[in-house]
Every structure is written in C-alpha cells, then in structure tokens.
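Hello,

Here is the structure I promised to pass on. My notes follow below it.

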Amino acid sequence: MKLENVQSASSVTHEDALILAIETSCDETSAAVIRGGKEILSNVVSSQIDVHVRFGGVVPEIASRKHVETITLIMEQAVKESGCALKDLTAIAVTQGPGLVGALLVGIVAAKSLSLALDIPLIGTHHIAGHIYANELVHQLEYPCMALVVSGGHTELVLLESEGEFRVVGRTRDDAVGEAYDKVARALQLPYPGGPHIDRLAAEAQNVIELPRAWLEADSYDFSFSGLKSAVLAVINQTRMKGLELDEAALARGFQESVIDVLVAKALRAVKQFGAKQLLLCGGVAANRGLRAALTSRCGEEGVKLLIPPGSLCTDNAAMIGAAAHLKLKRGQFTELDMKADPALPLEQWSLSKNE
C-alpha cells in the first residue's frame, strides 16, 4: 500500500473511520459501509439461494458468475444507502478467505480496483473473524472470550485472549455443522438449504429417535458429525426395509438434539477451562432456533454471559467484514495490492500480533 494511503487513513479518527466492506466468499454478494467498526450505515446482501436450490447445494462456477453480475450494483447501493460519498471512505475491506476461490476473487478484484482508484488503504479480512466480530456490532466484547463458530463450512471453538487475537482450541474433523444439516435434509428429501427445514421439523416433533453423540476423546474440544450423518441414513434405510413409515420430525429432532448436546457441552466446558467472560455464538447456524434456545438455557443455568447477533448478522454479510477490518485499520495494518485469494486462510495467522 502506498504511503499516502496510510497517511490519509491515519488522519481520520478511528471512531469516524468509514470502511466500505465487501463479502463474496460463497453464495451471498454483499457490501456494507461501517463507521467506527460498530455502526452499520448500510448492509446490502444479495442471496443466490434461488439459483443453487435446484442443484441441492452451491455450484462454485455459478456462484462466481453471479457475483460478477451483481458486485458493482451491490457496492453502489451500499454507498448510496449509507448517505456517504466515495470521497468520504477511509478504507476498503474485503474477504480474503476462507471461501470458494473463484467467488473470493470477484470481491478482491472489485476491492483492489476501488482502493487504487480512491487511493485509500485495502484491508484483506478473514471470513471467520468477521463472523466473530459481528457480535461487536450489537454487543460490547469482554476479553478473554470464547467463540462457538457454526456455519456451512466451519465448526470451531475459538479463544480470544485479547482483541483480535485468535486461538483455535477445537474444530471439526470432518463435516461442519451446516454441511451435516444439508446432507441429512437431502436424505429426507427436504429443500436446500436444509438447516431451517430440519430446525422446523425438530420443533414440531412429538417424539424423538435417539441418535449417538460423538464426544471423541475425554479432553477434546474437536467435533465430528460424519458418524451422526451415517446413523441418520441407517435409520432411514432400516425403516424403508421394514416397510414402515418414517417419522421424519422425530428423526430431525433426534439429529438436532445430538448436534446441540455436543456443541453446548463442549462450548461451556471450554468457557470454564479458559476462564472466558463471554460465550459468542457466530456463523450461519447461529440462526438455528434449537441451538439458540439450548445455549440460552444452559448459559443461564451456569451463569455464563451469552452473546448472539441478530439473524441478519449471522449469515454471510459485509457488515461483519467491516467490523473485523476495523481492528486492522486502528493499527495501520493494511494489505498490499498484490494480495491473493486464500481459500484456506488460517484464522490464527490473521491475528493482530502476527501482522505487527
């Protein structure tokens, strides 16, 4: 980044800094304008669900092309809705990874172009850091805190010992929670995305089909959901072989309770072991009503302060990218224009202390 860009950014107070953030990691095209890292002036999201539903999942090439078609319009709308002008912007933030490489590249090229045209800094941002700091758009974070990240591609327990310092203490060894939901929904012939349909069925169930819990080693904070998915398929196949009618709601409830029991138990154990002051729920699956209710109940019983962002900030959006990018802006940690998309960008590598 050119020196004059850094100087122009430092001339604006952190509380007044305006970041235009861009998110194109998967199948949502989003742009937002964030003031001071906490105030959302605009947050425009264009979803591709209607496009991918016929395929039962996201098709990367189609996702990339849809981003190309909409990115300029979404950016223009975000700036217009914010009430700001391009000349008022302090920096441009964009998701660098993880995500689909083609989709990431669309946002990155747009961000680089605008950064260069406006002569303002570029901030490559970690997608999961965005999900975590979506909480700071509506809550005050207290450190150390523990983040439970649950989304279509990620299931992780992340310790934040201080602002912008990430330590992954547990992660999935196979399927992420969102992937498991989609696969079970597909087995039950439910529409994509499967999470909301499983959540609804589970809430309606009068009975429950008990399924195993994958606790792994006694001291492990890792997760595993592939065996649970196989257990669901076994129930479906055995029921069909016997010529019986499958109680889909009971099976959905059994699956969801198995997932939630493990997530909640490990998250609360991690909070206690690491002395966290708060538990943050983050990611698209954070919109799941069953998970929210279970965490709220257990955290209330055990005196753990639980933070959950509203549903609009759980799914992929650019506001969360702007919130995370503000951490870097405050410290003058900007990104060179030769930045590359990194579909496997490690979260810990994005920590503030790693970039000083």
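**Backbone, pockets and cysteines**

Pro-193 sits in the loop between α6 and α7 (helices are DSSP runs of H or I with at least four residues, strands are runs of E with at least two, both numbered from the N terminus). This is a predicted model: local features need pLDDT of at least 70, side-chain atom pairs count only at pLDDT 80 or more, and totals for chains, interfaces and linings use all residues. Residues are numbered from 1 along each chain as its sequence is written, and side-chain values use heavy atoms, with hydrogens and water left out.

Back to Pro-193. Its peptide bond with Tyr-192 is cis, with omega about -10°. A cis bond also joins Gly-97 and Pro-98, again with omega about -10°. Pro-98 is in the loop between β4 (91-97) and α4 (101-118).

With Ser-151, Gly-152, Gly-153 and Asp-182, Tyr-192 lies nearest the pocket centre. A pocket here is an open set of points on a 1 Å grid over the protein atoms alone, where a 1.4 Å probe fits, with protein on both sides within 12 Å along at least five of seven lines; lining residues have an atom within 4 Å of a point. The volume is about 1,000 Å³ (the space filled by probe spheres set on the points, which are joined across faces, edges and corners).

The lining has 37 residues. α6 (177-187) contributes, as do α5 (127-133) and α7 (195-204), each with at least two residues. α6 gives the most, with 6. By class, the lining has 13 nonpolar, 16 polar and 8 charged residues (Ala, Val, Leu, Ile, Met, Phe, Trp, Tyr, Cys and Pro count as nonpolar; Asp, Glu, Lys and Arg as charged; the others, Gly among them, as polar).

The second largest pocket has a volume of about 240 Å³. Its lining includes Gln-96, Lys-328, Asp-342 and Trp-350.

Two non-glycine residues have positive phi. Asp-119 has a phi of about 60° and lies in the loop between α4 and β5 (122-126). Leu-216 has phi near 60°, in the loop between α7 and α8 (226-241). Leu-216 is partly exposed at 34% relative accessible area (buried is under 20%, exposed over 50%, partly exposed in between, with a 1.4 Å probe and protein chains only). Asp-119 is partly exposed too, at 27%.

Last, the cysteines. There are 0 disulfides (pairs of cysteine sulfur atoms within 2.5 Å).

Best wishes
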